[in-house]
Amino acid sequence: MNTTPLISRPRAVERLVVGQATSDGAGVKLTRVLTHDLQQRLDPFLMLDHFASDDPDDYIAGFPDHPHRGFETVTYMVAGRMRHRDSAGHEGLLQNGGVQWMTAGRGLIHSEMPEQEAGVMEGFQLWLNLPGRDKMCPPWYRDIQSAEIPEYTLDSGVLVRVISGESHGVRGAVARPEQEFPTEPLYLDILLPADSEFSQSLPTGHHAFLYVYRGVVEVAGADGTTQVPSQRMAILANGGDGVQLRAADGATRVLLIAGKPLKEPIAQYGPFVMNTREELMTAVHDYQNGRLA
Ligand code: CO
């Protein structure tokens, strides 16, 4: 298969970001790649965490019961197993290569707990904002097993897993009508063999970033290239019609994430993301009074 789009104005790297080591839940060690200060720049994305460890002490405590309201969480497991349960009675097991897409909407309480006592646990959690009109929608989620994620392989050997959006004519596991979900998220996991290249067209007005988690990626721009090492996020400049990547140092893996900005006020208090402070107060009050269960 080779349907490589022609990119005439590649988006250059505007900024490289080093994630912050932190812990969340009951003490899970992770790297927060997309932090609070980047929420406006990367609207509609609110957070990206990368957890990767072969030491159970770093992850075994998991994320016991906690609430969410006003946005979506997308959990992508690269290795390991995580079981989730929520207050509406849903339960599912997320494992190697699978995705859980959860629209928290007006809210729920759930737990995300590792279901293994040893071995490597690696994955990502992305937070995607909802427009004000949808923040109080009924909660919804879908578990997508690895085999259900559409993939394609280019002649160069580049393998692309299309978690959401569309790439080279392949529709993702989550592809929703624009009028229903105006953020139009693109979420790709791209595996590039050494020295291979990949390009992806991107709508001009959408915010976009990469996260390299194996190897080194070279990103083309109008004035030359930028090398993005492993464990770095590269914010792509706005404008331009796409992105051009090359594996610069052996085989690489990179997430490419893009979406249409909502351009609404962002008010966050922990696991609640609304438009105003008043709505946050209501969320806390509802949680304290058992109305998120
Ligand atoms: Co959660």
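**Cobalt site and largest pocket**

The largest pocket has a volume of about 450 Å³, taken as the space filled by probe spheres set on grid points joined across faces, edges and corners. A pocket here is an open set of points on a 1 Å grid over the protein atoms alone, where a 1.4 Å probe fits, with protein on both sides within 12 Å along at least five of seven lines. This is a predicted model, in which local features need pLDDT of at least 70, side-chain atom pairs count only at pLDDT 80 or more, and totals for chains, interfaces and linings use all residues. Residues are numbered from 1 along each chain as its sequence is written, and side-chain values use heavy atoms, without hydrogens and water.

**Largest pocket**

**Cobalt ion**
- H66 (NE2), H68 (NE2), H110 (NE2) and E112 (OE) coordinate the cobalt ion at 2.0 to 2.4 Å; donors are N, O and S atoms within 2.8 Å of the metal (3.2 Å for Na, K and Ca), and water is not among the atoms, so sites may look incomplete.
- The spacing of the donor residues in sequence is H-x1-H-x41-H-x1-E.

- H110 is buried at a relative accessible area of 1%, where buried means under 20% (1.4 Å probe, protein chains only).
- E112 is also buried, at 6% relative accessibility.

Methods:
Buried means under 20% relative accessible area, exposed over 50%, partly exposed in between (1.4 Å probe, protein chains only). On a 1 Å grid over the protein atoms alone, a cavity is a set of points where a 1.4 Å probe fits but cannot get out, and a pocket is an open set with protein on both sides within 12 Å along at least five of seven lines; lining residues have an atom within 4 Å of a point.
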